[in-house]
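User: I have a structure to go through with you today. Could you take my questions one at a time?

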Amino acid sequence: MTHTIFQPWRLGRAELANRVVMAPMTRNRADVRGVLPASAVTYYEQRAGAGLIISEATQPSAAGQGYPGTPGIHDDAQQEVWAQVADAVHARGGRIFCQLMHTGRISHESLLPPGVPVVAPSAVRADLEVETLDGAKVPAPMPKELTVEEIRQTIEDFAAAARRAVDAGMDGVELHGANGYLLHQFLSPGTNRRTDAYGGTPGNRARFVVELVQAVAERIGADRVGLRISPGGQFNDMADKDNDDTYLALVEALQAVRPAYLHTLRRRSSRLHEQVRDLWPTTYIMNTGYLGSSELDDLEPILAGGQADLVSVGRLFIANPDLLERWRHDHPRAAWDEDTFYTGGDRGYIDYPAIGTHKEN
Ligand SMILES: Cc1cc2nc3c(=O)[nH]c(=O)nc-3n(C[C@H](O)[C@H](O)[C@H](O)COP(=O)(O)O)c2cc1C
C-alpha cells in the first residue's frame, strides 16, 4: 500500500519531499544574546528527512522574548547561525521555515532590554508563573497595554525579522498565533479588552494578526508566510472557548492574502476546525499531538481522508531524528526524554541515534 504521508507536496514555492512537518519546538539552547550554538546546525540537519521543518520559536525583536535560551533573528550574529542551519537542511533535501514568536504577557522584565516592559493587548495578567533570566519561577507581571504606535512597531519588527530569515536562506516564516502568546492574546476576548480598532468585535480582535500577516507577506511574499493557531486552546491561562467567530473572521480576511499555509493545533475535534479547513485557500497543516498521538497509523488517515494536506509531528522527532526512515521500514521508534527538552547542552539534543548508527545494524 502506498501511504499518502510519503507523497511529495508543493507548499508555496517550496517542493516538499513528503507530507510530514517537524513541529516547532523550543529547546532553550541559545546564549544570552539569542545566538544558537553550533550544535543547532547538527540538530536540524539530523531531522532534515521531514518534508518541512518549522524551527523552534524565535523572537523577532529583543522585546519579544519570553523565556531564557530562546533564539532571536533580529541581528547579524543570530542570522549567521540560522544561515548555517538553512544550508545544512537544504543540503539534505529538506526545507525550513522560521517560527516567529512574540510572547506578549508571558514574559519577565529580566529577559528584556533595560526599560522595555512586558506588553499585551490589554493589562490582563496571566495567572501563572513565568521564568526569569536566572531560571527562577515568579508570578507573571501585569503587562502594559500596547499603544497603536507600539502595535505598528511590533508589526514592523516581525516584517524585518522575516526579511532576515529569508536572507539567511530559510524558506519562509511561521507566525506563532497559538498557545497564548501575543497573537493569541489579541484574538481572545479574555486577554483583549481593547475598545479601539483592535478589540471589541471578532473582526477587530482578528485585525492585529491580519495586519501582521499582510505586512510580512508584503516583505517576503505571501507564499513564504505561514500562520499557526490553536482555537479553543487553554495553554498559558487562555480562555478561548466560544471564540469561533474571531477565527472565522481571521480566515475570511486572509482568503485574499493567500499565505503559504495555516497550521492548526487541534486539541479536540470541533465544527470550527472543519469550517476553517473548508474556508482556507491554500495548504492546511494539522497537529493532533495533544489530542491523540502523532504516530503513522493515526496520521495517515487524516491525510488520506483529506482532513489536512500535511501533518506536523513534535516529540517523536526529538527522539527519532530519522523518523521518516523508521516509518518507512517499520523500525521501532525511540522514546523521548522530557527531562532534557529544555535543558542546555548536547544531551537529549543531538545524541539520539539514527537507525543506521545502531551497532546491531
Ligand atoms: C519541547 C517542546 C517545545 C515546544 N515548543 C513549541 C514552540 O516553540 N512553538 C509552538 O508553536 N509549539 C511548541 N510546542 C508544541 C509542538 O509544536 C506540538 O504541537 C506538540 O508537541 C504536540 O505534538 P506532538 O504530540 O507530536 O509532540 C512544543 C512542544 C514541545 C514538546
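User: How far is an oxygen atom of the ligand from an N or O atom in the side chain of R228?

Analyst: The distance is 2.7 Å. This counts as a polar contact, that is, a pair of N or O atoms within 3.5 Å; within protein, one must be able to donate a hydrogen and the other to accept it, and residues adjacent in sequence count only if both atoms are side-chain atoms. Please note that this is a predicted model, in which local features need pLDDT of at least 70, side-chain atom pairs count only at pLDDT 80 or more, and totals for chains, interfaces and linings use all residues. Residues are numbered from 1 along each chain as its sequence is written, and side-chain values use heavy atoms, with hydrogens and water left out.

User: Which backbone atoms lie by an oxygen atom of the ligand?

Analyst: A backbone N or O atom of G314 is 2.7 Å from a ligand oxygen, and a polar backbone atom of A57 is 3.3 Å from a ligand oxygen.

User: How much of the ligand does the protein bury?

Analyst: The protein buries 94% of the 610 Å² that the ligand exposes when taken alone. Such areas come from the Shrake-Rupley method with a 1.4 Å probe; for residues, only the protein chains shown count as cover.

User: And how many residues surround the ligand?

Analyst: There are 19, and the closest are T26, R228, S294, G314 and R315.

User: New topic: helix α2. What span does it reach?

Analyst: Helix α2 covers residues 76–91 and reaches 22 Å from its first C-alpha to its last, close to the 22 Å expected. The expected span is 1.5 Å times one less than the number of residues. Helices (H or I, at least four residues) and strands (E, at least two) are DSSP runs, numbered from the N terminus.

User: What sits at the ends of α2?

Analyst: D75 caps the N-terminal end, with a side-chain oxygen 3.2 Å from the backbone nitrogen of A77. After the helix comes G93, whose phi is positive, near 85 degrees.

User: What does the side chain of Q78 reach?

Analyst: The side chain of Q78 reaches the backbone nitrogen of I73 at 3.2 Å. Not counting residues up to four places away in sequence, Q78 touches R33, G34, V35, G72 and I73, where contact means heavy atoms within 4.5 Å.

User: Now N18. Where does it lie?

Analyst: N18 lies in the loop between β2 (14–16) and β3 (20–22). At 2% relative accessibility, N18 counts as buried.

User: Which backbone nitrogens lie by a polar atom of its side chain?

Analyst: For N18, they include the backbone nitrogen of G51, at 2.8 Å, and that of V20, at 3.0 Å.

User: One more: what is the phi of R258?

Analyst: Phi of R258 is near 50 degrees, a positive value in a residue other than glycine. Most residues other than glycine have a negative phi. R258 is in the loop between α6 and β12 (261–265), and at 45% relative accessibility R258 counts as partly exposed.

User: And N236? What is its phi?

Analyst: N236 also is not a glycine, and its phi is positive, about 65 degrees. N236 is buried, with a relative accessible area of 8%.

Note on methods: Near = heavy atom within 4 Å. Buried < 20%, exposed > 50% of the residue type's maximum accessible area, 1.4 Å probe, protein only.
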